[in-house]
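Colleague: Could you walk me through this model before the group meeting? I would like to follow it on the screen while we talk.

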Amino acid sequence: YKQPPQHFRQNGTFYPLQLPCVLHKAPSKAQCWQIDTATSADYQDWLQFLPQVVSGFPGLQQAAYQIALQEAIRQKQAFLLHDDRQIIGAMLFCQEHGSIFFLAIHPQYNRATAVQKFLQTASKQTNTAIIETTTFRQQDKADLGDRRLLLNMGFQPAELLQEFGYPTQKMKLQPLIERTRR
């Protein structure tokens, strides 16, 4: 959690980074996946999906996240990648600023394919020249490959940040639409 044990205890907030993962018996192929804007009917399913991907979000504060999720759903900034049975991935994306605030893929599915689908959706949804998100800093041992995946997708490292008391780094991507015009 990137803090001394005494500070961790005094802080009084604990969010487990390793929870049991529910595996699907017959995971679907990418051609069966679709992205839809989440609705209030998806809220509980989204919250049940969250523990499956929590390792990518150290410092996540459940109560604040739930409020942000409800607001994102209301503003049509919440997107679900799913097949006809289950959630495969989820993204909170602010079209106005081109910012991905939350991006998570179920560990059983091809992350690169899922992230690419979300990036295509984000590129179509925004008029900004850059799509940005944050991820683990270089050499962070808690990173299970999220940073490398973003770099492979064309994201470039930007400024170092602290989010929810955790060291992160902003990553920026020139959307595919913009890159192909040049």
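Modeller: Let us start with a word we will need: a residue is called buried when its relative accessible area is under 20%, exposed when over 50%, and partly exposed in between, with a 1.4 Å probe and only protein chains counted. Of the protein's 182 residues, 41% count as buried. Please keep in mind that this is a predicted model, in which local features need pLDDT of at least 70 and side-chain atom pairs count only at pLDDT 80 or more, while totals for chains, interfaces and linings use all residues. Residues are numbered from 1 along each chain as its sequence is written, and side-chain values use heavy atoms, with hydrogens and water left out.

Colleague: How many helices and strands are there, and in what pattern?

Modeller: The protein has six helices and seven strands, and along the sequence they come as α-β-α-α-β-β-β-α-β-α-β-β-α. These are DSSP runs numbered from the N terminus, with helices being H or I of at least four residues and strands being E of at least two.

Colleague: What share of the contacts joins residues 24 or more positions apart?

Modeller: If we take contact to mean heavy atoms within 4.5 Å, then among contacts with a separation of 6 or more, 63% are between residues 24 or more positions apart.

Colleague: Let's look at H3. Which of its residues are buried?

Modeller: Tyr65, Leu69, Ala72 and Ile73 are buried in H3. They sit on the same side of the helix, because they cover an arc of only 95° around the axis, where the arc is taken from the directions between the helix axis and the C-beta atoms. An α-helix has 3.6 residues a turn, so residues three or four places apart point the same way.

Colleague: What do the buried residues pack against, and what is on the other face?

Modeller: The buried residues of H3 pack against helix H2 (43-53) and strands E2 (78-82), E3 (87-94) and E4 (99-105). On the face turned away from the buried side, H3 carries the exposed residues Ala63, Ile67 and Arg74.

Colleague: Since you mention H5, is leucine 150 buried or exposed?

Modeller: Leucine 150, which lies in H5, counts as buried at 7% relative accessibility. Apart from neighbours within four places in sequence, leucine 150 is in contact with Thr133, Thr135, Phe155 and Met171.

Colleague: Last topic, what is the volume of the largest pocket, and which element gives the most to its lining?

Modeller: The volume is about 1,200 Å³, that is, the space filled by probe spheres set on grid points joined across faces, edges and corners. On a 1 Å grid over the protein atoms alone, a pocket is an open set of points where a 1.4 Å probe fits, with protein on both sides within 12 Å along at least five of seven lines, and lining residues have an atom within 4 Å of a point. Of the 50 lining residues, Gly56, Phe57, Phe101, Phe102 and Leu103 lie nearest the centre of the largest pocket, and E4 gives the most to the lining, with seven residues.
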